[in-house]
Amino acid sequence: MDGWLSLLLGIGLSAACGFRVFVPLLVMSLASLDGHLTLAPGFEWIATPEACGVFAVATVCEVLSYYIPWWDNLMDSLSSPAAVAAGTITTASVLTDTSPFLQWTLAVIAGGGAAGMVQAGTVLVRGASSFTTAGLANPVLSTVELGAATITSILSLLAPLVAVSAVVLAVVALVIMIARRLSRRRSGRISPERRIPM
């Protein structure tokens, strides 16, 4: 695979790790077992049936844990470092034609960074959901995140540029939404004008 396409594939899969840590790894394992994905040297273990089985069990456990009220917020705090690590590994595993130094530099910066940004966004959205709905809307949010992780992972394999573009647009939309909320809060805190005595 072309170097730029490999990097885009890695970034797309890493961004998916920000939604769910193990879904992209499971998709990668299935795709590599089926011969649709070539892994970098040293990452052939991802394409083993044993690794695929472990990723499948881990995915089910992770997905189900997000449907437990308030436990999902704890999972977000535990998943943040795991998402960055998984994002780094997924990007490194698809960079096939690069030196080890460049491979790991790109993996940490692009892969870990993409996963970290998406994960930070999900933490903010889940926190707002827990605060405003007392956690009642969190199962719906969990389903959306699972769908986003699955679609982003599959789309990254089929059309890496489209997947990364979609992730960038989603992050920009999230930043704009947060900025608007912050500006509304600030404008709400402005003290009313003092009344002029008559």
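In the predicted model described here, Leu9, Gly12, Leu13, Ala16 and Phe19 of helix H1 meet Glu145, Ala148, Ala149, Thr152, Ser153, Ser156 and Leu157 of helix H6, a contact being heavy atoms within 4.5 Å. By class, this contact of H1 with H6 comprises 7 nonpolar, 4 polar and 1 charged residues. In this classification Ala, Val, Leu, Ile, Met, Phe, Trp, Tyr, Cys and Pro count as nonpolar, Asp, Glu, Lys and Arg as charged, and the others, Gly among them, as polar. Two packed helices are described by the angle between their axes and the distance between the axes. The axes of H1 and H6 come within 8 Å and cross at roughly 170°. H1 is therefore roughly antiparallel to H6, given that angles over 145 degrees count as roughly antiparallel, under 35 as roughly parallel, 65 to 115 as roughly perpendicular and the rest as oblique. Axes are lines fitted to C-alpha atoms, for helices over the stretch in contact, and the angles run from 0 to 180 degrees between N-to-C directions.

Residues are numbered from 1 along each chain as its sequence is written. Because the model is predicted, local features need pLDDT of at least 70 and side-chain atom pairs count only at pLDDT 80 or more, while totals for chains, interfaces and linings use all residues; side-chain values use heavy atoms, with hydrogens and water left out.

The chain has 7 helices and 0 strands. Helices (H or I, at least four residues) and strands (E, at least two) are DSSP runs, numbered from the N terminus. Along the sequence the pattern is α-α-α-α-α-α-α, and the C-alpha trace spans about 80 × 35 × 25 Å along its principal axes. Of the 198 residues in the chain, 41% are buried. Buried means under 20% relative accessible area, exposed over 50%, and partly exposed in between (1.4 Å probe, protein chains only). Among contacts in the chain with a separation of 6 or more, 70% come from residues 24 or more positions apart.

Helix H1 has 17 residues and reaches 25 Å from its first C-alpha to its last, close to the 24 Å expected at 1.5 Å a residue. The expected span is 1.5 Å times one less than the number of residues in the helix. H1 is largely enclosed by the rest of the structure, because 14 of its 17 residues are buried. Leu9 and Ala56 are 47 residues apart in sequence and 21 Å apart in space, C-alpha to C-alpha. Phe19 also belongs to H1. Neighbours within four places in sequence aside, Phe19 is in contact with Val118, Thr122, Glu145, Ala148, Ala149 and Thr152.

Side chains of opposite charge can pair when their charged atoms come close. A salt bridge is defined as a side-chain nitrogen of Lys or Arg within 4 Å of a carboxyl oxygen of Asp or Glu, and by this rule the count comes to 1. The salt bridge joins the side chains of Glu145 and Arg20, at 2.9 Å from N to O. This pair links distant parts of the chain, 125 residues apart: Glu145 lies in H6 (residues 138-158), and Arg20 in the loop between H1 (3-19) and H2 (22-33). Both partners are buried, Glu145 with a relative accessible area of 4% and Arg20 with one of 1%.

Further buried positions lie elsewhere in the chain. Thr90, in helix H4 (residues 71-94), is buried with a relative accessible area of 0%. Apart from residues up to four places away in sequence, Thr90 touches Gly10, Leu13, Ser14, Cys17, Leu25 and Met28. Thr90 and Leu102 are 12 residues apart in sequence and 15 Å apart in space, C-alpha to C-alpha. Ala40 lies in the loop between H2 and helix H3 (49-65) and is buried, with a relative accessible area of 0%. With residues up to four places away in sequence not counted, Ala40 touches Ala92, Ser93, Leu95, Thr96 and Gln103. Ala40 and Ala92 are 52 residues apart in sequence, and their C-alpha atoms are 7.4 Å apart in space.
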